Amino acid sequence: MKTLWLLVLSLVIFGCTTFGTNNTKVDVNVICKWGTQQFDLCQYKNQEQMIDALLLAMVLDEKIGQMTQSVWHNNVSPETIRDKAIGSIIHTEGPTPGPNAMDWVNKFNEFQASALQTRLGIPLLIAVDAVHGQNTFEGAVIFPHNIGMAATRNLNLIKQAAQITALEVAGTGFNWTFSPCIAMPQHEHWGRVYEGYTEDRDLTTAAVIASVQGHQGTSLAHRDTVAATAKHFIGDGATDGGVEGGNAIITDQVMREHYLPPYTAAVNEGVASIMVGFNSYNGHNMHQHTHLVTDVLKGELGFEGVVVSDWNGGLRFGDPHTVINAGIDIAMQPGNHNEFMAKLKASVLDQTVPMSRIDDAVRRILTMKFNLGLFSDPFAKKEFAESVGSPAHRAVARQAVRESLVLLKSDNDALPLSSSDSIAVIGSHGNNSGLQSGGWSIHWQGQAESYRGATTIFDGIKAQGTQVEYAEHGCYPDMPASKAIVVVGEAPYAEALGDSDELWLSDAHKKLITGCKNLGKKVIVILISGRVLAISEDLDKSDAFIAAWLPGSEGAGVADFLFATNGFKPTGKSPYSWPVAVTDIPLAPNAEHALFKFGYGLQDY
């Protein structure tokens, strides 16, 4: 009934549902009539003229509405979208539309329908932080975080993962994702290391090209693509001490030679949007950095897309005019949209913000909406709902897992495993898909419980071995297993809550390793972490050691690696250098005193 209601409503909203054709001398495929005013796009020949006409027809409140993004479940309803002419919503931590993909499609279609009931009927941008798969929907495929994807060195696989993410994002009602993160983290203390691909400029640049191509395809108007976002401009991973939102002290030369090239590549690939960072650049906050946002990004690099703020960016650093004048086009306001809109309007009326800046922002937003095909088909692509979490998608994620694992040590014939080996999987991380996935997995901070559709590491090993047990609390006397797969690592975290100086295994996890070793087991350590840690002592007490990063939903990929399934041999190479001690951090990629240099990884067992 809801789908039928939406179809009927769309006919009412659009009035005439005729698409622009050559017969009407319109060069772009659009629905002609929009909103309660029945604004006729088809009286204009091309997209540029249509945007000009919409801008001319819009009043200030409507323009500011287009520049505002709010959280759909936080003081926002479909009626709010209609009454305030808000142009964009985001889904994030909090209530979900329901357990099924079609619940999400139907919910966001309700919001879209309300946007179409505004005076001009301008469609909504509907965004999500799908940073390693559609990680906000339980049942979607969750890929390894970017740190693991970079370890594969498989650019085609990075592109495939983005293509699948786009399908599952579209299949849950969205048309925009805030991904990829192309930070080049320099300090493991930072709680967002895993969101970036690597500390290396060239690998990051190649990865962002692959990701943007995967998300956006050859045209944003295609049904199987979504708008991508390169983030967080610029230097977010280079803050002093690795503090989230801290100060990046960088010379202009280093910025241009090291940090700017991935953004240049993203712009050249036609990335739809770029998000600015919470960090400061030499003491000047990026949300207010007119030179870098307007002069460099939009001017020198020629970026014609949308610049979006981070969370509450329109008010977090002061009055809205400070970020809008710097070049921000859309402000992400989590439920406090009224304050943002009122203050921005006042700044326009008193000419603190020139109307030319408002019109530039709205023109960029409208262009993105036209490019996404929202003026020809604004509603969610429900045909992809059935493919969310499909076996075909999971197979690609499983491949990504096994290729992302980095073999740091392999002695004493501990690997590969044989199906006839007597095996014990040790530790809670070994049988918990939430722990193995890290932050931004179902919840913002991740979760300590398994989630629907995922396979744990133990599940994968049990499926390939004939004598496998799970011993959460460690090896014990008379345990029959001769080989212990000890899975240890970090608990999930995200953003500033992941900032840490304790970059080593907990005492409890160290005891899991030593306990099994003292009982004469061959110890194979699997490290689940969002960054490199100080592991020298743990490495010495193991027979084999694997950096598994944050593998996501397909734990069976770890088993493929351990059993050398179908002749597999290790391919992963570390995207970071490893310190001997925490005091070594920050560590140069090829530092002679590194435990392992950038790119290290054994390629055979």
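Begin at the lining of the largest pocket, which by class has 7 nonpolar, 6 polar and 5 charged residues. Here Ala, Val, Leu, Ile, Met, Phe, Trp, Tyr, Cys and Pro count as nonpolar, Asp, Glu, Lys and Arg as charged, and the others, Gly among them, as polar. The model is predicted: local features need pLDDT of at least 70 and side-chain atom pairs count only at pLDDT 80 or more, while totals for chains, interfaces and linings use all residues. Residues are numbered from 1 along each chain as its sequence is written, and side-chain values use heavy atoms, with hydrogens and water left out.

The space in this pocket is about 350 Å³. A pocket is an open set of points on a 1 Å grid over the protein atoms alone, where a 1.4 Å probe fits, with protein on both sides within 12 Å along at least five of seven lines; lining residues have an atom within 4 Å of a point. Select Glu304, Gly305, Arg364, Thr367 and Asn371, the closest to the pocket's centre of the 18 lining residues. Next, display helix H2 (47-57) and helix H14 (355-371), the elements that give two or more residues to the lining. H14 gives the most, with 6 residues. Helices (H or I, at least four residues) are DSSP runs, numbered from the N terminus.

Then move to helix H13 (residues 337-349). Colour His337, Phe340, Met341, Leu344, Ser347 and Val348, which are buried in H13 (under 20% relative accessible area, 1.4 Å probe, protein chains only). These residues lie on the same side of H13, because they cover an arc of only 130° around the axis, taken from the directions from the helix axis to the C-beta atoms.

Notes:
Grid points are joined across faces, edges and corners, and a volume is the space filled by probe spheres set on the points. The expected span of a helix is 1.5 Å times one less than its number of residues. Buried means under 20% relative accessible area, exposed over 50%, partly exposed in between (1.4 Å probe, protein chains only).
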